[in-house]
Amino acid sequence: MIYFDYAATTPVDSRVINKMIPYFNKEFGNPSSMYDIGRSNKYAINNARKEIAEAINCYPEEIYFTSCGSESDNLAIKGIAKANKSKGNHIITSKIEHPAVLETCKSLEKEGFEVTYLDVDENGFINIDELEKSIKNNTILISIMYANNEIGTIEPISEIGKIAKKRNIIFHTDSVQAIGNLRIDVKKSNIDSLSMSAHKFYGPKGVGALYVRNGISFKRQQDGGHQEENKRSGTENVPGIVGMGYAISLIDSELTNHIEKVKYLRDLYIKLVVNEIADIHINGSLDKRLPGNANISFLGIKGSKMVELLNERGICASSGSACSAGLIKPSSVILNTTSNINIASSALRTTFGKYNTVEDVKFLVENIKDIVKKYR
Ligand code: PLP
C-alpha cells in the first residue's frame with residue numbers, strides 16, 4: 001500500500017505511540033482524582049497544553065482539549081456566537097469551509113444568527129475587499145479557514161486578522177490542515193481562536209484542541225463536569241492528549257525539513273504530471289498552497305473512478321467528490337472555483353507526507369498515466 005492521503009489522516013509517529021502507552025494501563029488515573037496517579041495525569045495534560053501553546057505562540061491556559069477538529073470548530077463558532085449575542089448576530093465565513101464550519105453556521109442560522117458566506121476566486125482565495133464590505137455593525141465573528149483541505153489554498157490569514165482586530169470582531173480560523181504543515185503564530189496573525197486535530201499531524205485520532213485568546217467569551221457546548229476550565233465537560237482522553245502534545249512538539253521541531261521534503265515531493269508530482277499527461281487542470285493556487293497538497297483534474301476520468309482504480313493498484317488518494325443519496329457529486333469546493341463541471345468531477349487530491357519517497361511519487365505518476373491511457 002502506498003499512501004498519498006495525508007490530508008485525510010496520518011499514521012501515528014511511533015515515538016508518539018511510545019509516549020502514549022503508559023497512560024493506558026500504568027498511569028491510568030482520572031485527572032480529576034486527588035491521589036498521585038490522578039495528579040500525574042493532570043500534570044501530563046498541562047504539559048501537553050504547554051507543548052501546543054509553544055507551537056502556536058499562545059499561553060497554555062488558552063488551549064482547551066476536545067475530541068476532534070469538528071468539535072473544536074463547533075465549540076469555537078457556537079460557543080463564541082452564543083456568548084457574544086448581546087453584541088450582534090452576524091457571522092462571516094467562506095463558501096469553501098469544511099462541513100464542520102459550514103454545517104455549524106447553518107445550524108446557527110436556524111437559531112436566529114445571520115451568516116454571510118464569502119465567494120472565492122478561481123484559486124480559492126477570499127477577497128479581502130469583499131470581506132471588509134460584508135462587515136456590519138452587528139458582525140461578531142469571522143471564521144475563515146487557514147488552508148483548504150481539498151485544494152490546499154492558504155487564505156490571507158494575517159490580513160483578515162488585521163481587519164478583525166481593527167473592527168473589534170473575533171477572528172476564528174479552522175487550522176486543521178495547516179497545523180503541522182505551516183508555521184503558525186496566533187499573536188502575530190491576530191488570531192483570536194483556532195481549531196486543530198491531532199490525527200492530521202502524526203498524532204492519534206479522537207483528540208483535538210481549541211485555542212481561544214484570553215478575554216474572549218465563549219460558551220461551553222456540552223453540559224456536565226467542570227473539566228477544561230468548565231469549557232468542555234467529560235473525562236479527558238489522557239493518552240490522546242499526551243500523544244497530541246508530543247506530536248505537535250515533534251512536528252514543530254522538524255517543521256522546516258518536513259515542509260521542504262513534502263514540497264519537493266509535491267512539486268515533483270506536479271512536474272511529472274504536467275510533462276507527461278495531457279488534458280489536466282491544476283486546482284488551487286500554485287504558490288500559496290499547503291506544501292504537501294496537489295489537486296489535479298484528469299479531464300475525462302471521474303475523480304471517484306480514479307480513486308477506485310488507484311486503490312486496485314494499492315495506492316490511496318482522494319477525490320473531493322461526496323457520495324449523497326447514492327449519487328456521486330462533484331467537489332463543491334472546486335465548483336466554487338470554476339463553473340466547469342468536468343474539472344470539478346475529475347479532481348484527484350494527492351497529499352504527501354513524511355513517509356513518502358521519490359520512488360513512491362514516480363510509481364503514482366506511472367499508474368495515473370496508465371489509467372488515463374486505458375480509461376480516458
Ligand atoms: N476542518 C478541516 C479543514 C478538515 O480538513 C477536517 C478534517 O478533514 C476537519 C475540520 C475535521 O477534523 P476531524 O476529522 O478531526 O473532526
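Me: How do α3 and α9 pack, angle and axis distance?
Reply: In this predicted model, helix α3 (residues 36–56) and helix α9 (residues 238–253) meet at about 30 degrees, and their axes are 8 Å apart. Angles under 35 degrees count as roughly parallel, so α3 is roughly parallel to α9.

Me: And which hand is the crossing of α3 past α9, left or right?
Reply: α3 goes past α9 in a left-handed crossing.

Me: OK, which residues of α3 and α9 meet?
Reply: From α3 you have N41, A44, I45, A48, E51, I52 and A55. On the α9 side they meet V238, I241, V242, M244, G245, Y246, I248, S249 and D252. By class, that contact has 11 nonpolar, three polar and two charged residues.

Me: Switching topic: what domains does the assignment give for the chain?
Reply: Domain 1 is 2–9 + 255–375, and domain 2 is 14–253. Their centres, taken over C-alpha atoms, are 27 Å from each other.

Me: How many residues of each domain are in contact?
Reply: There are 27 residues of domain 1 in contact with 30 residues of domain 2. The area buried between the two domains is about 2,400 Å², and carbon and sulfur atoms give 53% of that.

Me: Which three residues supply more than any other three of what domain 1 buries against domain 2?
Reply: L255, L290 and V333, which supply 28% of the area domain 1 buries there.

Me: Now α10 and α14. What angle do they pack at?
Reply: About 30 degrees, for helix α10 (residues 255–276) and helix α14 (residues 358–375), with axes 10 Å apart. That makes α10 roughly parallel to α14. Their crossing is right-handed.

Me: What does α10 use to meet α14?
Reply: Y264, L265, L268, Y269, L272, V273 and E276. The α14 residues they meet are V358, V361, K362, L364, V365, E366, I368 and K369. Split by class, the contact has 11 nonpolar, no polar and four charged residues.

Me: Last pair: how far apart are the axes of α4 and α5?
Reply: 9 Å, with helix α4 (residues 69–83) and helix α5 (residues 99–110) packing at about 30 degrees. The two are therefore roughly parallel to each other, and the crossing is right-handed.

Note on methods. Residues are numbered from 1 along each chain as its sequence is written. This is a predicted model: local features need pLDDT of at least 70, side-chain atom pairs count only at pLDDT 80 or more; totals for chains, interfaces and linings use all residues. Side-chain values use heavy atoms; hydrogens and water are left out. Axes are lines fitted to C-alpha atoms, for helices over the stretch in contact, and angles run from 0 to 180 degrees between N-to-C directions. Helices (H or I, at least four residues) and strands (E, at least two) are DSSP runs, numbered from the N terminus. Angles under 35 degrees count as roughly parallel, over 145 as roughly antiparallel, 65 to 115 as roughly perpendicular and the rest as oblique. A crossing is left-handed if the near helix is turned anticlockwise from the far one by less than a right angle, and right-handed if clockwise. Contact means heavy atoms within 4.5 Å. Ala, Val, Leu, Ile, Met, Phe, Trp, Tyr, Cys and Pro count as nonpolar, Asp, Glu, Lys and Arg as charged, and the others, Gly among them, as polar. Domain bounds come from an automatic or database domain assignment. Buried area is the accessible area (1.4 Å probe) that two parts lose on being put together, summed over both.
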